[in-house]
Amino acid sequence: MPADPSSPLRTTRTPGTTPPNPGSQSALRERNRQRIIQALLASGPLTQAELSRQTGLSRATVSNIVGDMSERQLVITEPTTSSGRRALSVRLNESGAVAAGIDIGRRHVRVILASLGHRILQEESVQLPLGHSAAEGMDAAAALLARLLRRQGVDRSAVLGAGVGIPGPIDRRTGTVVQGAILPEWVGINMREDLADRLGVPVYIDNDANLGALAEVTWGPHGCSENLIFIKVASGIGAGLVINGSLYYGNVGITGEIGHATIFDQGLICRCGNRGCLETIASTSIMIELLSRASNGTVTTADILSRAAGKDPATLRVIDDAGVAVGRAAANLANTLNPELIIIGGSLTDLGDTFLDPIRRGLLRHAVPLVGETSTVLMSSLGDRAEALGAAALVLQEQGTKAA
């Protein structure tokens, strides 16, 4: 939904989100609480004595923290017996603890609250101005998260963490946005630290295409797929790679940057400095630019979808050219990785076969025949929610659990 110009989403820093001093008693208590949560996520219900053994915390500390978590409805406690003695069983309250998934794009921020059982509890998106600053984007995310927590009636202490997707390469060693991001204003920003300051919860940063791939094997119908490529086509183009059942990050986390693969040597200059990159041929930005030349006003992504449905010849030609180029780039990846599935995500998923058919043609033309014939190309069923869903899944994964 569009942001209200008078809304604090645009400029106001959310109050009360600064985490406690790392050396304080409250910070120590928070770390101990996280240790208990991680033990319950990994092992399921445990007695307080078992929690003490698994976390290394004293029984008194476990008892105090469990009592506090029970009051906050983060856990459910039940009498039980252990080795013939009375004990207290502790399990996470699925509707109490939540994971936040945040997708920050060129023009939007979307936030999702998910339960431990991978149910979507709350979801909302707001529009951001083109060229927004990092501070503005992060403040919008913090304010939107606060609003969803209020709406759900959940305390901030119940948030296990926030996964955050950014359309660009992330140096995983530092959590810093590096050169090549579709948001140049964010380059050099340490997202991990700056967002943690605003959100007041643990923060996990990743590239949005990686999170799209994670969403497909977590929330989508492809949980059994061991080798999968997720290609996001939007203002930028990137790929998330699942290899042997796990996301592949390479040396420092910068993988799948197929938007900067050269497709046409004599093509347009790309923002990365090279010529003829895939993004200069197949991104929604270039589609909008091409179609706006013959229109009275600027064409939008929604216009592309509606014109394609109406069989507008110029629109169908632009989509076809873009699709073949995406298929060619996908073929280069497929020849290297031999995936089971190639899933197309991003803002054009509603085009269906209108976009998939030229992608398949490009793949079959440029891939090794057997690789092309055995790689299934599908449109994502998660639409524009994939990246935020993947971000929430990242939190649950980092906390020691996998999809149910």
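**View 1. The accessible surface of the protein chain.** The predicted model exposes about 17,600 Å² in its protein chain, and carbon and sulfur atoms supply 48% of that area. Accessible areas here come from the Shrake-Rupley method with a 1.4 Å probe, and for residues only the protein chains shown count as cover. This is a predicted model, in which local features need pLDDT of at least 70, side-chain atom pairs count only at pLDDT 80 or more, and totals for chains, interfaces and linings use all residues. Residues are numbered from 1 along each chain as its sequence is written, and side-chain values use heavy atoms, with hydrogens and water left out.

**View 2. The overall fold.** Look here for 13 helices and 15 strands (DSSP runs numbered from the N terminus: helices are H or I, at least four residues; strands are E, at least two). The C-alpha trace spans about 75 × 50 × 40 Å along its principal axes.

View 3. Of the 404 residues in the protein chain, 53% are buried (under 20% relative accessible area, with exposed over 50% and partly exposed in between; 1.4 Å probe, protein chains only). Among contacts (heavy atoms within 4.5 Å) between residues at least 6 apart in sequence, 63% join residues at least 24 apart.

**View 4. A close look at Thr 349.** You will find Thr 349 in the loop between strand S14 (341–346) and helix H11 (353–366). Its relative accessibility is 13%, so Thr 349 counts as buried. Setting aside neighbours within four places in sequence, Thr 349 is in contact with Ile 344, Met 379, Ser 380 and Gly 383.
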